[in-house]
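I'd like to walk you through one chain, from its overall layout down to a single pair of residues. Please have a look at the picture first.

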Amino acid sequence: MKTINKIYTVLILFMLYAPILVLMLFSFNSTSNTGVFTGFSFYWYRELFRSAAAFAALKNTLVLAISSAVLSTLIGTMAAIGLRKMRNKYVKGLITSVTNIPMMNPDIVTGISMMLLFVFVGTMLGQQDKLNFWTLLIAHTTFNIPYVYLNVSPKFQQMDKHLPEAALDLGCTPLQAFFKVELPCIFSGIVTGFIIAFTMSLDDFVISYFCSGSDFQTLPILIYSMTKKEVTPDIYALSTLMIVAILTLLILSNLSGSKEERAKIRALRKKRAAARKEAKA
Amino acid sequence: MKQEKVIQLQNISKSFDGEKILNNINLYIRDKEFITLLGPSGCGKTTMLRLIAGFETPDEGTILFEGKPINDVPPYQRSVNTVFQKYALFPHLNVFENIAFGLRLKKLPEEQIRKQVKDMLALVNLKGFERRNVERLSGGQQQRVAIARALINHPKVLLLDEPLAALDLKLRKDMQVELKNMQKRTGITFIYVTHDQEEALSMSDTVMVIAEGEIQQIGTPTDIYNEPVNAFVADFIGESNILDGVMTADYKATFSGHTFDCVDSGFEKNEKVDIVVRPEDVDVVPCERGMLVGDVTGVTFKGVHYEIIVDIRGFKWMIQSTDYVAPGDHIGLSIDPDAIHVMKKSRFSNMFGDYSSFSDELEKLSDLSEEENE
């Protein structure tokens with residue numbers, strides 16, 4: 001039974017990751033042949049790094065990802081703080097559901113509706129380029145906020161609700177209490193929220209496609225436009241780099257999270273062992 | 001002995017969501033006193049503590065601290081500190097930093113902080129625990145850190161909100177003694193909130209019994225135990241048989257169909273009263289010598305004594321005796337005059353005091369639901 005389990009797991013993992021592995025493999029192919037691996041080389045990476053368009057797009061993507069992640073982290077965290085103090089359960093539930101809509105909504109609907117709004121407002125304001133960096137930033141920040149909120153608000157629930165009071169009691173002003181006590185307690189949630197927002201922005205295609213203008217292209221859009229002509233292995237190289245970047249971020253966020261978890265589990269075990277000892281004695 | 005009044009509550013009322021939690025509370029707390037606010041869950045005792053700490057503001061009335069009103073003073077400017085029920089230690093700081101928290105805010109020099117924290121750790125018996133993670137301490141140790149964190153600020157008044165509720169029985173007993181010693185050593189006024197009457201009696205200089213948002217009785221532990229003012233206090237503090245009685249004359253009380261000699265006077269002739277008889281004050285005697293006679297319906301061995309339930313004219317008495325009697329036995333009871341305590345009728349009359357539905361299991365169940373409510 002155990003061997004069957006193992007085989008099954010390996011099979012599933014293989015199916016999940018085979019496409020990516022093939023992609024990575026062919027990014028190191030020495031020719032543009034998509035069927036046969038003719039030899040290992042960094043040719044396509046060199047080719048990629050020579051392309052100015054790819055670099056501009058990479059820069060754009062990073063600028064957009066970082067700025068939208070920062071903005072959404074700020075707004076999402078503030079929302080979590082504000083909603084925690086709200087007493088009315090119904091209003092709280094309503095706002096939480098509304099906050100989550102951008103996440104549930106199909107990307108294509110969000111994308112089209114945002115484009116419509118930006119064009120509408122842009123026309124009203126008499127703007128030439130109705131879709132630009134700012135519209136993209138607004139769009140990305142919008143769909144990132146729920147991810148931050150969903151990571152931060154459980155941290156508040158886990159936190160002992162008397163902690164802020166304890167800080168006030170010991171002489172903190174409300175502002176000091178927040179920065180000295182509450183912020184450290186929710187910080188890991190904020191970091192996770194930020195990283196998820198960053199990666200979400202990094203790999204978004206659908207919404208960006210509708211909300212970006214001609215002068216500000218992100219990597220996913222560039223790749224899409226490149227594939228319209230002919231798929232060359234430098235796109236594989238680019239994709240490989242993106243996968244590696246996102247993988248690194250995920251591993252980092254998991255490591256920071258699991259360190260805490262492990263410490264907690266260890267503490268719990270110790271307590272249980274002590275309790276058992278006491279019970280025996 | 002004249003002592004300064006450190007805290008006074010004047011005509012304090014407080015409601016939450018339209019429900020009156022505290023109703024016109026008037027009290028004062030003397031300096032250097034160990035006072036316990038005792039009452040069942042939801043009686044308003046924690047609210048009273050939170051008002052003094054400054055986490056809540058009263059709807060009506062004034063809180064005075066050393067004679068000055070402090071209604072509008074925020075908690076961080078009051079010289080009171082709180083030990084929270086679940087400790088509320090800062091999980092991101094180690095033991096040292098938790099205790100040093102208040103001093104760091106006052107921007108004391110590092111050396112002074114180090115010294116004071118060290119002294120504090122010695123006071124609470126946690127020497128060498130400086131670098132420990134607070135989440136990995138046992139309940140009792142966390143408790144000590146919480147106390148040290150509050151005491152290091154040299155508050156005028158220390159507020160303790162059921163600080164021992166989460167500890168197991170043995171540890172709780174030890175901590176009771178330690179807390180009492182700490183209070184004596186530091187000379188700080190302790191205001192202690194609990195629903196555990198035993199804890200209240202064994203630790204306090206003064207006990208304040210609270211029910212339904214009102215103070216029922218204030219007094220020393222012995223006063224509260226021996227001279228409860230009404231059926232609620234009598235029932236809540238210790239075990240009591242509470243009966244309907246009539247004062248036929250001074251020093252004469254009639255209940256359970258017998259007229260007893262007692263030590264109370266000053267009631268009107270034939271005034272209806274509540275009679276309290278503590279289970280340990282009743283003697284089991286042969287039927288013919290008994291003032292009252294009844295049938296034993298239940299016996300429980302409690303270690304020090306037997307707990308005997310006796311049916312007398314349909315009223316179930318509880319009696320504690322070191323001598324065994326068998327269920328079904330016909331026994332007599334004898335009560336000394338000074339064991340009979342007479343109370344005026346109150347709105348709590350006839351709500352307590354009969355042991356017909358008494359069982360240990362039931363008591364535990366109700367304890368559990370109390371904890372969940374909190």
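Among contacts in chain B between residues at least 6 apart in sequence, 68% link residues that are at least 24 apart; a contact here is two C-beta atoms, placed from the backbone, within 7 Å. Keep in mind that this is a predicted model, where local features need pLDDT of at least 70 and side-chain atom pairs count only at 80 or more, while totals for chains, interfaces and linings use all residues. Residues are numbered from 1 along each chain as its sequence is written, and chains are lettered from A and ligands numbered from 1 in the order in which they are written.

How is chain B divided? The domain assignment, which is automatic or from a database, gives domain 1 (5-226) and domain 2 (239-373). Their C-alpha centres lie 36 Å apart, and the C-alpha atoms of chain B fill a box of roughly 80 × 45 × 45 Å along the principal axes.

Chain B has nine helices and 20 strands. These are DSSP runs, numbered from the N terminus: H or I of at least four residues for helices, E of at least two for strands.

Now, one sheet. Five strands of chain B form an open, antiparallel sheet in the order 13-12-11-14-20, where pairing takes at least two DSSP bridges between two strands. At its edges are strand 13 (258-261) and strand 20 (340-344), each pairing on one side only.

Strand 12 (residues 252-255) is joined to strand 13 by four bridges, and B:F255 stands opposite B:H258 in strand 13.
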